[in-house]
Structures are given as C-alpha cells and as structure tokens.
Amino acid sequence: MFKGEVGQLAGRRAARLAAMLAVGLSLTAAHPGAHDAPRMPVSGAPSATIDAATPVGTVMAFHAALASGDTDAALTHLAEDVVIFESGGVENSRAQYASHHLEADAAFSAAVPRTLVSRTHGMQGDMAWVISVETVSGTYRTRAINSRSVETMMLRQVNGQWRIVHIHWSSAEIIR
C-alpha cells in the first residue's frame with residue numbers, strides 16, 4: 001500500500017468512527033434515561049455474572065478480563081479492526097493493541113479499582129455505544145492514583161456477537 005492510500009484509509013476510518021460517535025451521542029441525548037445505577041464497583045466483577053450477549057455486558061466482560069489478567073479473553077471482545085484512542089495516541093488494530101498496551105492495561109486494571117459513576121448506552125441496528133464515567137482510586141507501582149476516567153466504546157454486532165470497534169479513554173486527576 002502506498003503512503004497516500006494509507007492516509008486515505010485512515011481518513012475513511014476516522015470519518016466512519018466520527019459518524020458512529022455522532023449517532024451514539026445524538027441518541028444518548030434523545031434517551032437520557034438510559035443510565036445504569038451510579039457508584040457501582042466494576043473491578044474484579046466475576047465474569048460468570050456478566051452477560052456478554054449485550055453491548056454493556058461485552059464492555060463489562062472486557063474490563064473483567066483485563067482486571068483478572070486474562071488478556072486472551074480481553075482480546076476476544078475486540079474487533080480485529082478496533083481503533084483505540086488513549087492519552088493522545090492511537091492503536092489501529094487488535095494486534096497493535098495486543099503488542100503495545102494490553103499487558104500494561106491489564107496490570108493497571110488488576111491493581112487499581114474502578115467505581116462506576118454513570119453509564120449511558122444505546123444501540124441502533126448493528127451498532128451500539130457505551131459511555132462510562134468512573135473514579136479510579138488505588139496504588140499502581142507505588143504511585144497513588146485518584147482520577148476520573150471517561151470511556152466511550154462503540155460496538156458492532158459481528159456474527160451475532162458484540163465486538164468493540166472503538167475505545168476512547170480519557171482521564172484527569174481528582175484534586176482534593
């Protein structure tokens with residue numbers, strides 16, 4: 001593939017993700033009652049109680065797999081062409097995520113508990129979105145962590161199963 005073709009492909013993927021997010025956000029605004037219960041602990045949730053047949057369940061199963069250190073299980077919830085935005089960086093595939101940040105994300109998730117503050121979710125056709133706000137507090141590698149995390153996940157139904165096609169993670173320290 002030539003450099004120009006790569007740029008065009010990246011542009012089309014970005015436009016597709018922007019369109020999916022716009023649909024998700026507009027539907028979220030139209031359905032403001034689609035929230036889960038607030039202040040719900042989400043780390044270490046037993047995967048046996050999670051229904052991965054739903055978009056929210058898929059997101060929960062992904063996080064439970066990370067928190068338990070089961071990176072292979074975490075990867076099963078991602079589409080091969082997943083795009084992950086985090087801290088100004090981009091990973092453009094499941095394979096790239098697996099070779100770069102997966103292990104560190106699993107170690108962090110295992111060490112630092114997350115508490116759900118709010119979650120909005122919805123779907124349209126074979127696309128769904130799950131938007132979560134969480135507090136993340138604990139210690140990671142001797143460093144105190146106390147932050148608010150915002151997560152947007154877009155999912156697509158593939159062969160009857162929900163797969164995460166886009167993740168955007170953002171966080172900021174909570175200053176007391």
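## Core, pocket and loops of the predicted chain

Not counting residues up to four places away in sequence, valine 59 touches Val130, Glu151, Met153 and Leu155. This residue belongs to helix α2. In the model, which is a predicted one, valine 59 has a relative accessible area of 0%, so valine 59 is buried. Leucine 78 stands 19 residues from valine 59 in sequence, and the C-alpha atoms of the two are 9.6 Å apart in space.

The chain as a whole contains five helices and seven strands. Read from the N terminus, these elements follow the order α-β-α-α-β-β-α-α-β-β-β-β. The chain has 176 residues, and 40% of them count as buried. When contacts between residues at least 6 apart in sequence are considered, 56% of them join residues at least 24 apart.

The largest nonpolar core is made up of 21 residues. Within this core, the residues with the most contacts are Phe62, Leu78, Tyr97, Met153, Leu155, Ile164 and Ile167. At least two residues of the core are supplied by each of the helices α2 (55–68), α3 (71–76) and α5 (102–111), and likewise by each of the strands β2 (78–86), β5 (127–140), β6 (143–158) and β7 (161–173). Helix α2 provides the largest share of this core, with five residues. Another core lies apart from this one; it has six residues, including Ala79, Ile131, Met154 and Val165.

Methionine 153, one of the residues with the most contacts inside the largest nonpolar core, illustrates how parts of the chain meet. With residues up to four places away in sequence left out, methionine 153 touches Val59, Phe62, His63, Ala128, Trp129, Val130, Ile164, His166, Ile167 and Trp169.

The largest pocket was examined next. Its volume is about 570 Å³. The lining of this pocket consists of 22 residues, and those nearest the centre are Glu86, Phe108, Ser147, Ser149 and Ser171. Two or more lining residues come from each of α2, α5, β5, β6 and β7. Strand β6 gives the most to the lining, namely seven residues. Sorted by class, the lining has eight polar residues, seven nonpolar residues and seven charged residues.

Arginine 119 is part of strand β4, which spans residues 114–124. Although arginine is a charged residue, arginine 119 counts as buried because its relative accessibility is 2%, and the cut-off for buried is under 20%. A polar contact of 2.8 Å links the side chain of arginine 119 to the side chain of serine 132.

Serine 137 lies in strand β5. With a relative accessible area of 31%, serine 137 is partly exposed, as this value falls between the limits of 20% and 50%. Its side chain makes a polar contact of 2.9 Å with the side chain of asparagine 146. Not counting residues up to four places away in sequence, serine 137 touches Val112, Pro113, Ile145 and Asn146. Threonine 115 is 22 residues from serine 137 along the chain, and their C-alpha atoms are separated by 8.4 Å.

Serine 87 is not a glycine, yet it has a positive phi of about 50°. This serine is placed in the loop between β2 and β3, the latter covering residues 89–91. Serine 87 counts as exposed because its relative accessible area is 74%, and the cut-off for exposed is over 50%. Arginine 141, which is not a glycine either, has a positive phi of about 50°. The loop between β5 and β6 holds arginine 141. A relative accessibility of 64% means that arginine 141 counts as exposed.

Definitions and conventions:
Residues are numbered from 1 along each chain as its sequence is written. This is a predicted model: local features need pLDDT of at least 70, side-chain atom pairs count only at pLDDT 80 or more; totals for chains, interfaces and linings use all residues. Side-chain values use heavy atoms; hydrogens and water are left out. Helices (H or I, at least four residues) and strands (E, at least two) are DSSP runs, numbered from the N terminus. Buried means under 20% relative accessible area, exposed over 50%, partly exposed in between (1.4 Å probe, protein chains only). A polar contact is a pair of N or O atoms within 3.5 Å; within protein, one must be able to donate a hydrogen and the other to accept it, and residues adjacent in sequence count only if both atoms are side-chain atoms. A nonpolar core is a set of buried Ala, Val, Leu, Ile, Met, Phe, Trp, Tyr and Cys residues joined through side-chain atoms within 4.5 Å. Contact means heavy atoms within 4.5 Å. On a 1 Å grid over the protein atoms alone, a cavity is a set of points where a 1.4 Å probe fits but cannot get out, and a pocket is an open set with protein on both sides within 12 Å along at least five of seven lines; lining residues have an atom within 4 Å of a point. Grid points are joined across faces, edges and corners, and a volume is the space filled by probe spheres set on the points.
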